[in-house]
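Biologist: Could you walk me through this model, one question at a time?

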Amino acid sequence: MSSTTKDTPPPLPEPLRVAVADSHTHLDMQHGTVEEALAKAASVGVTTVVQVGCDVNGSRWAAETAAAYEAVHATVALHPNEAPRIVLGDPEGWSRQGAREPGGDAALDAALAEIDALAALPHVRGVGETGLDHFRTGPDGMAAQQRSFRAHIEIAKRHGKALVIHDREAHDDVLRILREEGAPERVVFHCYSGDAEMAKVCAEAGYYMSFAGNVTFKNARPLRDALAVAPPELVLVETDAPFLTPAPYRGRPNAPYLIPVTLRAMAEVKGMTEEALATAVAANTARAFGY
């Protein structure tokens, strides 16, 4: 009997019959090469991935990777938790940049200028992940986070790119800032985490809702209720890999090739066939990211 540890990649799922895109992944945080990840994904019908930037270096890497691979589209941004680290410093060195001194508003402006320049590139299809994270950032970091989010909204609108939102325990504030600033034409709630009520608000506004592997978790009833009411033409699927690996592989490394596991669980919740949902999701992702 083979023993699997939490580091063992889950097995390849049965291939999808209709090809789809992973609308949100972090290839730079996964094991193995980009080529390996794309080949493995394509072998099960995941033929496109959206590589998401979380800081200046990661956003540069996303843009370069999208330029190099036809199957990869990029988004660029400062993650909501990155903005306070730039402004207030990061003495713990929690992020990939290691320990950092406080840079103040000037440092945030410089980083935003880099994101703005990258957002102009043709293979960069979105600005994100940006938004608010009340889970990891305390009250002292809120101002930097909100200022950064508002700036990203403006960048997305000026370049005509999709806005990819990270919303963690901050639903009301995210929706309020989108209203105050005026949302870009295309908005994607990555790793949708609201309830069914919020799904109706998002649907009304025409915002896309992207569901990740956590929709399969036992305790995720509110997420499944939200998915059930989300219009099929506004639903996307993502891995957020290497995080949020779907059940029954929770806790093991996630990767784009596991999209079929989540998509099949979603089809069940929506009472749709796998093919019907895959067809909708493929069209929605292309429309959301303009490719």
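Predicted model: local features only at pLDDT ≥ 70, side-chain atom pairs only at ≥ 80, totals over all residues.

Modeller: Residues are numbered from 1 along each chain as its sequence is written, and side-chain values use heavy atoms, with hydrogens and water left out.

Biologist: In what order do the eight strands form the open sheet?
Modeller: Strands (E, at least two residues) and helices (H or I, at least four) are DSSP runs, numbered from the N terminus. Two strands pair if DSSP finds at least two bridges between them. The pairing here is parallel, and the order is 1-2-3-4-5-6-7-8.

Biologist: Which are the edge strands?
Modeller: An edge strand pairs on one side only. That holds for strand 1 (20-25) and strand 8 (235-237).

Biologist: What is the bridge partner of Val20 in strand 2?
Modeller: Strand 1 and strand 2 (residues 46-52) run parallel, joined by four bridges. In strand 2, the partner of Val20 is Val46.

Biologist: Which strands does helix 5 touch as it packs on the sheet?
Modeller: Contact means heavy atoms within 4.5 Å. Angles run from 0 to 180 degrees between N-to-C directions, with axes as lines fitted to C-alpha atoms, for helices over the stretch in contact. Helix 5 (residues 142-159) makes about 155 degrees with the direction of strand 4. The strands touched by helix 5 are strand 4 (124-133) and strand 5 (162-168).

Biologist: What covers the buried residues of helix 8?
Modeller: Leu223, Ala226 and Leu227 are buried in helix 8. They fall within an arc of 100 degrees seen down the axis, so they line one face of the helix. Their cover includes helix 7, strand 7, strand 8 and helix 9 (259-270).

Biologist: At what angle do the axes of helix 7 and helix 8 cross?
Modeller: Two packed helices are described by the angle and the distance between their axes. Ala196, Ala199 and Lys200 in helix 7 meet Pro222, Asp225, Ala226 and Val229 in helix 8. The axes of helix 7 (residues 196-205) and helix 8 (residues 221-229) come within 8 Å, and the crossing angle is roughly 35 degrees.

Biologist: Which residues of strand 7 are buried on its two faces?
Modeller: Strand 7 pairs with strand 6 in the parallel sense over two bridges. Both faces of strand 7 are covered. The buried residues are Tyr208 and Ser210 on one side, and Met209 and Phe211 on the other.

Biologist: Is Thr216 buried or exposed?
Modeller: Thr216 is in the loop between strand 7 and helix 8. Not counting residues up to four places away in sequence, Thr216 touches Arg224, Pro246, Ala247, Thr262 and Ala265. The C-alpha atoms of Thr216 and Pro246 are separated by 5.8 Å, though the two are 30 residues apart along the chain. With a relative accessible area of 17%, Thr216 is buried.

Biologist: Which residue does a cis peptide bond join to Gly128?
Modeller: Most peptide bonds are trans. Another cis bond joins Ala241 and Pro242, with omega about 15 degrees. For Gly128, omega is also about 15 degrees, and the residue joined is Glu129.

Biologist: Is Cys191 buried or exposed?
Modeller: Cys191 lies in the loop between strand 6 and helix 7. Cys191 has a positive phi of about 45 degrees although it is not a glycine. Its relative accessibility is 13%, so Cys191 counts as buried.

Biologist: And Glu169: buried or exposed?
Modeller: Glu169 is in the loop between strand 5 and helix 6 (171-181). Glu169 also has a positive phi, about 55 degrees, and is not a glycine. At 53% relative accessibility, Glu169 counts as exposed.

How values were computed:
Buried < 20%, exposed > 50% of the residue type's maximum accessible area, 1.4 Å probe, protein only. Arc of directions from axis to C-beta.
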